[in-house]
Amino acid sequence: MSENKIPYKIYLEENEMPTAWYNLRADMKNKPAPLLNPGTGQPLTAEELAPIFCEELVAQELDDTTHYIEIPEDIRNFYKMYRPSPLVRAYCLEEKLQTPAKIYYKFEGNNTSGSHKLNSAIAQAYYAKKQGLKGVTTETGAGQWGTALSMACSYFGLDCKVYMVKVSYEQKPFRREVMRTYGASVVPSPSETTEVGKKILAEHPGTTGSLGCAISEAVEVATKNPGYRYVLGSVLNQVLLHQSVIGLETKAALDKYDIHPDIIIGCAGGGSNLGGLIAPFMGEKLRGEADYRIIAVEPASCPSFTRGTFAYDFCDTGMICPLAKMYTLGSSFIPSANHAGGLRFHGMSTTLSQLYHDGYMEAVSVEQTSVFEAAEQFARIEGILPAPESSHAIRAAIDEAIRCRETGEEKTIVFGLTGTGYFDLVAYQKYNDGEMSDVIPTDEDIAASIAKLPQIG
């Protein structure tokens with residue numbers, strides 16, 4: 001039996017938890033464009049990536065052909081603390097909306113980090129420990145990734161240095177304190193502790209920061225300190241690989257009851273949860289075995305899919321990282337200080353960008369106030385206070401369910417509930433007090449940033 005014909009079910013334990021990650025790129029006819037060396041403009045080699053990332057993660061990042069990669073036993077044992085995560089039918093929401101649609105959500109908030117980020121954090125920490133490193137550096141937006149990585153590093157006894165986007169550092173002090181409780185050091189970004197941070201502050205005095213800024217600082221610190229490597233919670237191929245456990249479990253649960261989803265929805269910032277949720281379904285679509293309508297939902301304040309350009313760009317504001325071909329608003333674009341910090345990234349996963357460019361999925365952007373309206377509606381009806389990021393998917397799922405009510409179509413909708421919003425109460429307070437607004441970049445704002453894209457032949 002050829003590898004690409006091996007059914008995913010043989011990689012499931014009895015409790016339906018995966019024993020291998022699924023590499024979506026192996027089924028893509030048009031592979032994601034390679035990362036480029038910004039100095040030479042040539043594809044990066046494993047040797048060039050080794051000073052930045054862990055060796056095993058470099059191999060995963062560059063692997064476009066292996067369909068399934070075994071999950072090491074130590075990682076699987078850690079997963080057992082909170083996996084498999086629940087796939088829940090939203091009966092109450094269906095009833096309230098009076099829709100013929102069936103709505104399911106995959107809930108990834110049932111762990112201390114409160115989000116799906118732990119799926120990749122524990123994997124990356126494991127490979128760092130296996131390589132004998134002292135520690136890792138990273139950035140975090142809303143704080144979910146930083147929280148997850150601090151937990152993972154604590155578990156393996158690694159030092160963890162986190163650069164947290166300044167607006168989130170100030171808005172979410174309790175998320176910051178969870179990281180510190182697990183032993184991480186947390187610095188608001190941009191900061192005066194790095195050369196690139198000083199440069200960004202000089203060019204943008206008083207800036208609230210962005211994920212692109214924080215990435216630059218974390219990479220600088222990792223490359224200047226022996227025994228450290230940089231790890232990232234989204235965007236990269238390796239992260240989408242680890243997050244495929246979400247989609248594999250979702251598919252196993254649906255298949256068990258012979259349920260075929262018509263629409264699959266995920267929020268999209270850098271692409272980690274969306275890529276993980278859709279992985280096995282997109283694989284079927286690529287192989288011509290099934291069809292699904294797949295929707296990426298992004299904030300109107302940072303609309304890389306819906307208003308960005310498909311081009312090579314820096315992944316960071318400081319322009320020290322590799323170049324990636326992706327849908328981007330330009331690395332100099334700094335989004336407004338909206339409350340969905342995990343979605344405030346100027347670009348998108350190269351894998352998802354290629355799939356979107358080839359027409360395998362669609363994208364919508366939604367305003368912040370509309371997102372929080374859906375978040376409160378979901379909380380009151382389904383009993384879970386969702387994260388602002390997750391609430392983008394909830395908004396689109398509700399809109400699709402209402403459309404089914406209007407047309408009478410009995411669609412099955414699945415969306416990713418990536419995490420809880422209990423550390424986002426400042427945002428909910430702003431919404432409840434009527435102090436939340438929608439900031440949408442103008443065409444001129446985006447054009448000015450796009451004009452600074454690196455010129456690649």
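**A mixed sheet, an enclosed helix and a helix crossing**

Cys 267 sits across from Val 297 of strand S10. The model is a predicted one, in which local features need pLDDT of at least 70 and side-chain atom pairs count only at pLDDT 80 or more, while totals for chains, interfaces and linings use all residues. Residues are numbered from 1 along each chain as its sequence is written, and side-chain values use heavy atoms, with hydrogens and water left out.

Strand S9 (residues 263–267) and strand S10 (residues 293–299) run parallel and are joined by five bridges. Helices (H or I, at least four residues) and strands (E, at least two) are DSSP runs numbered from the N terminus, and two strands pair if DSSP finds at least two bridges between them. S9 and S10 belong to an open sheet of six strands with mixed pairing, in the order S3-S4-S14-S9-S10-S13. At the edges stand S3 (87–89) and S13 (362–366), each with a single partner strand, so one side of each has no neighbour in the sheet. From one strand to the next, the twist averages 25 degrees.

Next comes helix H14 (residues 350–357). Seven of its eight residues are buried (under 20% relative accessible area, with exposed meaning over 50% and partly exposed in between; 1.4 Å probe, protein chains only), so H14 is largely enclosed by the rest of the structure. The buried residues are Thr 350, Thr 351, Leu 352, Ser 353, Gln 354, Leu 355 and Tyr 356. Just after the helix, Gly 359 takes a positive phi of about 85 degrees.

H11 also packs against helix H5 (residues 118–130), at an angle of about 125 degrees and with the axes 8 Å apart. Axes here are lines fitted to C-alpha atoms, for helices over the stretch in contact, and angles run from 0 to 180 degrees between N-to-C directions. That makes H5 oblique to H11, since angles under 35 degrees count as roughly parallel, over 145 as roughly antiparallel, 65 to 115 as roughly perpendicular and the rest as oblique. On the H5 side, the contact is made by Asn 119, Ser 120, Ala 123 and Gln 124; the H11 residues include His 242 and Ile 246.

Notes
Contact = heavy atoms within 4.5 Å.
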